[in-house]
Amino acid sequence: SKAYQVSYLKGLNMKIRKWKLNIFVTDVRAGFVDTAMAKSNKLFWMISAQEAAKQIFNAIISKRKSVYVSKRWIIIAFFSKLFK
């Protein structure tokens, strides 16, 4: 589940900092990407696999802690955190 992924990667980042390792982890929070698994053509905010790869690559190069794919999902994340 996505909640498990978020918690696991936060814990992993804490261990990496504690052990002073030269490793950087980027948490990819993907929305709908146009792949064979996404069979419906009417999914909310679907992006191409190429655009998703570009956004993920740029986040990794920039050493971001997390990235929402597509970037529009950050709006949903904001309101989700706001109403918790």
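Author: Leaving aside neighbours within four places in sequence, Ser70 is in contact with Gly31, Trp45, Ile47 and Gln55. The model is a predicted one. Ser70 sits in the loop that joins β4 to α3 (73-82). With a relative accessibility of 2%, Ser70 counts as buried, because the cut-off for that class is under 20%. In the protein as a whole, buried residues make up 23% of the 84 residues.

The wider fold can be set out briefly. The protein has three helices and four strands, and from the N terminus on they run α-β-β-β-α-β-α. Along the principal axes, the C-alpha atoms fill a box of roughly 45 × 30 × 20 Å. Of the contacts with a separation of 6 or more, 45% are between residues 24 or more positions apart. The accessible surface is about 6,900 Å², and carbon and sulfur atoms account for 63% of that area.

Aromatic rings are the remaining topic. A search of the whole structure gives three aromatic pairs. One of them joins Tyr4 and Tyr8, whose ring centres are 5.9 Å apart and whose planes meet at 20 degrees, so this pair is stacked. Both residues belong to helix α1 (residues 2-18), where a spacing of four residues puts about one helical turn between Tyr4 and Tyr8. Tyr4 is exposed, with a relative accessible area of 56%, whereas Tyr8 counts as partly exposed at 46%.

Another pair is formed by Phe79 and Phe83: the centres are 6.4 Å apart and the planes are at 15 degrees, so these rings are also stacked. The cut-off for a stacked pair is an angle under 30 degrees. Phe79 is partly exposed, at 40% relative accessibility, and Phe83 is exposed, at 67%. Ring pairs link Phe79 and Phe83 with Phe78 into a cluster.

Definitions and conventions
Residues are numbered from 1 along each chain as its sequence is written. This is a predicted model: local features need pLDDT of at least 70, side-chain atom pairs count only at pLDDT 80 or more; totals for chains, interfaces and linings use all residues. Side-chain values use heavy atoms; hydrogens and water are left out. Rings of Phe, Tyr and Trp (its six-membered ring) pair if their centres lie within 6.5 Å; planes under 30 degrees apart count as stacked, over 60 as edge-to-face and the rest as tilted. Helices (H or I, at least four residues) and strands (E, at least two) are DSSP runs, numbered from the N terminus. Buried means under 20% relative accessible area, exposed over 50%, partly exposed in between (1.4 Å probe, protein chains only). Contact means heavy atoms within 4.5 Å. Accessible areas come from the Shrake-Rupley method with a 1.4 Å probe; for residues, only the protein chains shown count as cover.
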